[in-house]
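Work through the exercises below with the sequence and the model at hand. Each task is followed by a solution in steps.

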Amino acid sequence: MIDQPLFHYALRLGDDSLILGQRLSEWCGHAAALEVDLSLTNIGLDLIGQATSALGYAGDLEGAGRDADGLAFHRDALDYENCLLVEQPNGDFGQTIARQFLFSNWHWLFLSALAASKDATLAAMAAKSVKEVSYHVEFANDWMVRLGDGTPESHQRLSAGLDWNWRFVEELFIGDDVDNEMVQRGIGVDKASLRAAYDARIIDVLNDANLPVPKKHRAITGGRRGHHSEHLGHLLSQMQFLQRAYPGASW
Amino acid sequence: MQREIGTIDAQEVMAVLAAVPDPEIPVISVVELGIVRGFDPLREVVIITPTYSGCPATLVIEQSIRAALDAAGLSRILVKTELAPAWSTDWITQAGRAKLLAYGIAPPPLGDGAPSLRNRLAAQCPQCGSHNTTEISRFASTPCKALWRCNACQEPFDRFKCH
Ligand SMILES: [Zn+2]
């Protein structure tokens, strides 16, 4: 019998990382400076590595013969359970940094808590990943301040990027039945409990970046149920093209 | 001739693995890098742990270890990957650190990626030994390295990131 809640929990962990990793890889060769290009793609690589572990575990739990690649390349948008924030388009560099800032700070808190999970596999993945994510947080926080406290142009672009992505932050802290069961079993994280620490962290950086703290927004949710924005479909069509056109292709 | 279970000792296996180079930085072995966590003589299993989750060298390392064991007549030894405890640059041996430096890569500071320690100390230039150095980019040519510049001799260099 499949442990359905645990399967979905591992799947979500993997989907968040995979989709953001794919998004960041779109920057490869396009960033304004070599150092930024290297940073965005290295962060993407960390995330795709994390996704490989989490989706591999989800595949094992499911026991239907799907491995990490099978889950990544042969699922449609409706079967993806990532949060909406990670699928948002890159926009300009300011929009990308705002998304990274909002996600990585949550990701770090979430993984730090998940490292205490009663599920040994999830705990091990989280303890490993959080070390990588601490570098992502540092990168995003540094750039928030640099752009926000930079020129009027960089400030304006970052501000617009923050506005775009802010709508999808609430979803990160809302649990559903899967979350509730995982919390009860000592496996999952009580997401609502991360909110105060999250706010404290991001307000600190926003202050340094000369940016006002955005107002609380009515939550836009649905990612965990497979209800995505149109952006995810476009992302998947590119990411999955090769395996869809030539199933099982390898080299 | 088949050897009995329990007759392959850890020293023998570690000697074989000590000759397996890291594919990215071939002067240092997978043992010196801290990837090989040990050998269990009763289960006849070598435990390895990946460095970074997305490190592209992980698969090559596993294959090199497999090939080295096979070549040494130790085909029945299994290679198993374990994520916990998470790999840390503190596991890079002293000999490994010296080899990194000689190769032109500043070794990581000790401190297991503790945020308070990270990047606070200037790296030592592997070319001229100066501590008058500046970080250019925290992300560089591979997941494990940051890019630095020496202000004394003007040469750029890689530094192994504290992790
Ligand atoms: Zn120098």
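**Exercise 1: the largest pocket**

Task: find which helices each supply at least two residues of the lining of the largest pocket, then describe that pocket.

Solution. 

Step 1. At least two lining residues come from each of α1 (4-25), α2 (34-62), α3 (68-73), α6 (120-148) and α11 (241-245) of chain A, and from α2 (57-71) of chain B. Helices (H or I, at least four residues) and strands (E, at least two) are DSSP runs, numbered from the N terminus. This is a predicted model, in which local features need pLDDT of at least 70 and side-chain atom pairs count only at pLDDT 80 or more, while totals for chains, interfaces and linings use all residues. Residues are numbered from 1 along each chain as its sequence is written, chains are lettered from A and ligands numbered from 1 in the order in which they are written, and side-chain values use heavy atoms, with hydrogens and water left out.

Step 2. With ten residues, α2(A) gives the most to this lining.

Step 3. The lining has 39 residues, and A:I48, A:G49, A:T52, A:A68 and A:D69 lie nearest the centre of the pocket. A pocket, on a 1 Å grid over the protein atoms alone, is an open set of points where a 1.4 Å probe fits, with protein on both sides within 12 Å along at least five of seven lines; lining residues have an atom within 4 Å of a point.

Step 4. The volume of the largest pocket is about 1,200 Å³. A volume is the space filled by probe spheres set on the grid points, which are joined across faces, edges and corners.

Step 5. By class, the lining has 20 nonpolar, 15 polar and four charged residues. Nonpolar covers Ala, Val, Leu, Ile, Met, Phe, Trp, Tyr, Cys and Pro, charged covers Asp, Glu, Lys and Arg, and the others, Gly among them, are polar.

**Exercise 2: the second largest pocket**

Task: describe the second largest pocket by its lining residues, their classes and its volume.

Solution. 

Step 1. Its lining consists of 15 residues, of which A:F139, A:W143, A:R146, B:I136 and B:R138 lie nearest the centre. Two or more lining residues come from each of α2 and α6 of chain A and β5 (133-137) of chain B.

Step 2. Here α6(A) gives the most, with six residues.

Step 3. The classes are seven nonpolar, two polar and six charged residues. The volume is about 310 Å³.

**Exercise 3: chain B and its backbone**

Solution. 

Step 1. Of the 163 residues in chain B, 46% are buried (under 20% relative accessible area; exposed is over 50%, partly exposed in between; 1.4 Å probe, protein chains only).

Step 2. Most residues other than glycine have a negative phi, and most peptide bonds are trans. B:P85 sits in the loop between β3 (78-81) and α3 (94-103) of chain B.

Step 3. With a relative accessible area of 4%, B:E44 is buried.

Step 4. B:Q154 counts as exposed because its relative accessibility is 55%.

**Exercise 4: a loop residue in chain A**

Task: is A:Q240 buried or exposed?

Solution. 

Step 1. A:Q240 lies in the loop between α10 (230-239) and α11 of chain A.

Step 2. Its relative accessible area is 5%, so A:Q240 is buried.

Step 3. Leaving aside residues up to four places away in sequence, A:Q240 touches (heavy atoms within 4.5 Å) A:A72, A:F73, A:H74, A:R75 and A:Y80.
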